[in-house]
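The sequence and the structure are shown first.

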Amino acid sequence: MQPRRAQLDLPWADHFSMRICDGRELERALAQARGKGSDNPAVESFLSDLQEVPVERALSQPPLLEALAHLADGFPNFREVVMFIVARTALALLEPCSPLLLPPLILDGPPGVGKTAFATALAHALDVPLLTLQLGHATGPFDLGGMDPKFQSGGPGLLVRTVALGRAVDPLVLLDEIDKVPSDRNHDPIGPLYSLLEPSTAKRFIDDGIKLPLNLSYVRWICTTNDVRRLPAAIASRCQIFSIAAPTFNEGRAIARKVYASMVREQAWGRHFVAELPDDVADLLASNTPRELTRVLQNALGLAAIDRRPTLRVTDFTPAEPPRRGPGFF
């Protein structure tokens, strides 16, 4: 059976496109970097690489509505988020070659409810790369905004390198635990977001490492928080905020079944197990967080493999007793 296509089959020879930067500005910036000799090779190398790729870039195709509905099946506690994205996608699909425009999203909720897993699945549904930045331990704005080339390790940030030289100019960027960013006025890790989250200013975003205006206005953003109230009001006001609750019992059962089905379908050893999770096991796993499910299911499947059983049992999820020492036990 062929996998479902995530995008429409449209005549993208006449694709909707954007310009990543001004060609003349790029030439001037590169000449300036070369004029400084070997003071900052990272800047010259990046600008040389940028000159080798097209300035005009195609935007990704909008996904099929069916692909997004499938996403809602796997993440029932994210249904409100999915419906919001479905509505924006429906707008894009009204006119061929129109891009999917999404405002920055904030997924606010307790740890373990599936926020990171949802972002990963959404990137897959959109068929775009996912760039994950862990901001809970960030010490400066270097990943988002680069570092001035006067410093030895100066150069463009990870965001600019990913977008400008990557395969997509509209990737999905996950800012994980953005509410836990250390407070430091002199080295604010999220300072660049004041420009990046506004399309009007993101069109000519200047990374401190290269000083060249780049168009980052089509980047998609997802921020995760445990307490959105800790975010600066100016950042929160730029985003669409969704409160994500822990899955209900029925939602938990559905998620467990989905994770199990995906696992046995995608792994080479999965063919040795039944396709569906037994009801009593699904009931047992309903209270597990999405983050825990993959680990506990793999552990249980390993125990079933020892017994050469194709079906999981509730007892596969109880802590195993340590082996007793005996003659020859090391």
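## Basis and overall content

Contact here means heavy atoms within 4.5 Å. The model is predicted: local features need pLDDT of at least 70, side-chain atom pairs count only at pLDDT 80 or more, and totals for chains, interfaces and linings use all residues. Residues are numbered from 1 along each chain as its sequence is written, and side-chain values use heavy atoms, with hydrogens and water left out.

The protein contains 13 helices and nine strands; helices (H or I, at least four residues) and strands (E, at least two) are DSSP runs, numbered from the N terminus. Of its 330 residues, 45% are buried, where buried means under 20% relative accessible area, exposed over 50% and partly exposed in between (1.4 Å probe, protein chains only). Among contacts between residues at least 6 apart in sequence, 76% join residues at least 24 apart.

## Nonpolar cores

A nonpolar core is a set of buried Ala, Val, Leu, Ile, Met, Phe, Trp, Tyr and Cys residues joined through side-chain atoms within 4.5 Å. The largest one has 42 residues, and the members touching the most others are L47, L175, L193, L214 and W221. Two or more residues come from each of α1 (23-35), α2 (41-52), β4 (130-134), α7 (158-165), β5 (172-176), α8 (193-196) and β8 (220-225).

With residues up to four places away in sequence not counted, L175 touches L133, L135, L144, L193, W221, I222, C223 and T224. A second, separate core holds 27 residues, including L71, F75, V86 and F242.

## Cavity and pocket

On a 1 Å grid over the protein atoms alone, a cavity is a set of points where a 1.4 Å probe fits but cannot get out, and a pocket is an open set with protein on both sides within 12 Å along at least five of seven lines; lining residues have an atom within 4 Å of a point. Grid points are joined across faces, edges and corners, and a volume is the space filled by probe spheres set on the points. The whole structure has one cavity of 30 Å³ or more, and the volume of the largest cavity is about 30 Å³. Its lining consists of L102, P103, L105, L122, L172, R220, W221 and I222, and β8 gives the most to it, with three residues.

The second largest pocket has a volume of about 310 Å³. Of its 17 lining residues, Q32, A33, K36, V43 and P149 are the closest to the centre. α1 gives the most to this lining, with five residues.

D316 lies in the segment after α13 (290-307) and is buried, with a relative accessible area of 8%. Leaving aside neighbours within four places in sequence, D316 is in contact with A300, L303, A304, R309 and T311. The C-alpha atoms of D316 and A300 are 5.0 Å apart in space, although the two residues are 16 apart in sequence. A polar atom of the D316 side chain lies 2.8 Å from the backbone nitrogen of R313.

S217 is located in the loop between β7 (213-214) and β8, and it is buried, with a relative accessible area of 17%. Its side chain makes a polar contact with the side chain of N215 (2.6 Å); a polar contact is a pair of N or O atoms within 3.5 Å, and within protein one must be able to donate a hydrogen and the other to accept it, while residues adjacent in sequence count only if both atoms are side-chain atoms. Not counting residues up to four places away in sequence, S217 touches P199, A202 and K203.
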